[in-house]
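Subject: Structure handover

Hello,

Here is the structure I said I would pass on. My notes on it follow below.

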Amino acid sequence: MRALITGITGQDGSYLTELLLAHGYEVHGLVRRTSTLERSRLQHLYADPDLYNRRLFLHYCDLEDTTTLRRILLRVAPDELYHFAGQSHVGLSFEIAESTVESIAMGTLRLLEILRDLAAPPRLFHAASSEVFGRPLQVPQTELTPMAPVNPYGAAKAFAAQMVRIYREKHGLFLVNGFLYNHESPRRGENFVTRKICRAAAAIHLGQQDQLTLGDTSAQRDWGDARDYVRGMWLSLRHETPGDYVFATGRLHSVQQFVEAAFAVVGLDWRQYLRRDERLLRGQEPAQLVGDASLAEQVLGWKPERDLSSLVRWMVEADLAELAKRPLRR
Ligand code: F7E
């Protein structure tokens with residue numbers, strides 16, 4: 001089996017690559033040319049001479065570059081295509097709305113346009129998001145909950161997810177939408193709230209940081225473990241028919257609860273370190289985003305295997321280990 005991953009250098013791309021390699025796949029990934037080589041999440045695989053350029057291949061390609069994208073798809077001829085690429089920060093999507101929509105919405109549409117012309121199109125997994133539901137009328141949400149996004153990121157994902165549905169029906173392609181609720185790990189970017197909190201708890205414990213500054217700590221999310229979610233993506237493409245699936249834990253927790261859990265791991269009193277900064281407020285928050293993943297359980301046999309407390313401990317301990325090796329500069 002051969003897979004191609006857009007966004008392979010991100011959190012999900014790196015865990016999925018590990019999972020696919022472990023199942024004997026040949027894995028190809030698209031990487032953007034940037035002035036810095038941001039591939040740290042793949043470093044351990046990249047540095048393995050038995051894997052790199054043998055079973056793991058990286059190709060330079062921006063999603064706007066449709067000629068190159070088509071050429072790579074023709075040459076690689078993947079059986080499965082996992083599509084993660086695109087600007088993924090919700091707060092930032094208010095600042096850079098055009099490029100967010102361009103990368104997520106148009107990026108997905110361009111990919112679908114290429115797929116419909118291929119003689120043997122791969123199966124596609126599209127990483128849609130709980131953000132498409134915004135302020136939903138239904139709690140918890142299912143695959144049938146109407147989309148009602150409240151930010152440019154969610155609106156772009158809603159467009160892309162709907163296009164996936166349209167191309168599946170019109171062109172008979174094997175296309176899957178995964179409505180992914182928040183999923184975290186030590187490889188989460190440092191500007192997402194869970195990683196920011198865990199890294200701060202670790203750095204404060206090691207005497208490398210004095211405080212943690214956050215925006216809205218009453219905001220709630222359905223947080224799961226990224227390794228569970230990439231397993232769901234893989235299962236969804238192995239099923240005999242394509243469909244849409246919610247991947248979620250079904251449990252809501254607040255940012256505040258996350259802070260308390262992370263500081264408890266290092267035995268610190270969060271009250272002494274937590275500060276609020278109005279500039280980190282988004283103004284327009286989604287509400288009650290919590291998913292019902294029963295369809296994924298019934299059809300794919302998927303269930304999240306790890307809970308929030310083990311996730312928080314894993315993340316804080318990983319940051320402790322990393323900061324002990326490479327302290328923060330002060
Ligand atoms: O924010 C609040 C913030 O940036 C979570 C992406 O993967 O999941 C992610 O989007 C909550 C929000 O993730 C800070 O206002 C408070 O209510 O970690 P986040 P997100 O916006 O939920 C969805 C499913 C995706 O699809 C996205 O790609 O935490 N919050 N204080 C803060 N958030 C951040 N980032 N930084 C703060 O200081």
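How many nonpolar, polar and charged residues does the shell around the ligand have? By class, there are nine nonpolar, seven polar and six charged residues in that shell. Please keep in mind that this is a predicted model.

**Ligand site**

The ligand has 22 residues around it, and those that come nearest are Ser88, Tyr153, Arg221, Arg282 and Glu285. Two domains supply the shell: at least three residues come from domain 1 (2–184 + 222–247), and at least three from domain 2 (193–221 + 253–286 + 308–323).

- Ser129 places a polar side-chain atom 2.7 Å from an oxygen atom of the ligand.
- Arg188 also uses a polar side-chain atom, which lies 2.8 Å from an oxygen atom of the ligand.
- Asn191 takes part through its backbone, where a polar atom is 2.9 Å from a nitrogen atom of the ligand.

The protein buries 95% of the 710 Å² that the ligand exposes when taken alone.

**Sheet**

An open sheet is built from seven strands with parallel pairing, and their order is β3-β2-β1-β4-β5-β6-β11. At its edges are β3 (56–60) and β11 (244–247), each of which pairs on one side only. From one strand to the next, the twist averages 20°.

Within this sheet, β4 (residues 80–83) and β5 (residues 123–129) run parallel and are joined by four bridges. Ser129, the residue with the 2.7 Å ligand contact, falls within the β5 range of 123–129.

**Backbone points to check**

Most residues other than glycine have a negative phi, and most peptide bonds are trans. Two places in the model depart from this:

- The peptide bond between Val139 and Pro140 is cis, with omega at about -5°. Pro140 sits in the loop between β5 and α6 (152–171).
- Ala77 has a positive phi, near 45°, although this residue is not glycine. Its place is the loop between α3 (66–76) and β4.

Regards

Definitions and conventions. Residues numbered from 1 in each chain as written. Predicted model: local features only at pLDDT ≥ 70, side-chain atom pairs only at ≥ 80, totals over all residues. Heavy atoms only, no water. Near = heavy atom within 4 Å. Polar contact = N/O pair within 3.5 Å; in protein donor to acceptor, adjacent residues only side chain to side chain. Areas by Shrake-Rupley, 256 points an atom, 1.4 Å probe, with all protein chains shown as cover. Nonpolar A, V, L, I, M, F, W, Y, C, P; charged D, E, K, R; others polar. Domains from an automatic or database assignment. Pairing = 2+ DSSP bridges. Helix = DSSP H or I, 4+ residues; strand = E, 2+ residues; numbered from the N terminus. Axes fitted to C-alpha atoms, helices over the stretch in contact; angles between N-to-C directions.
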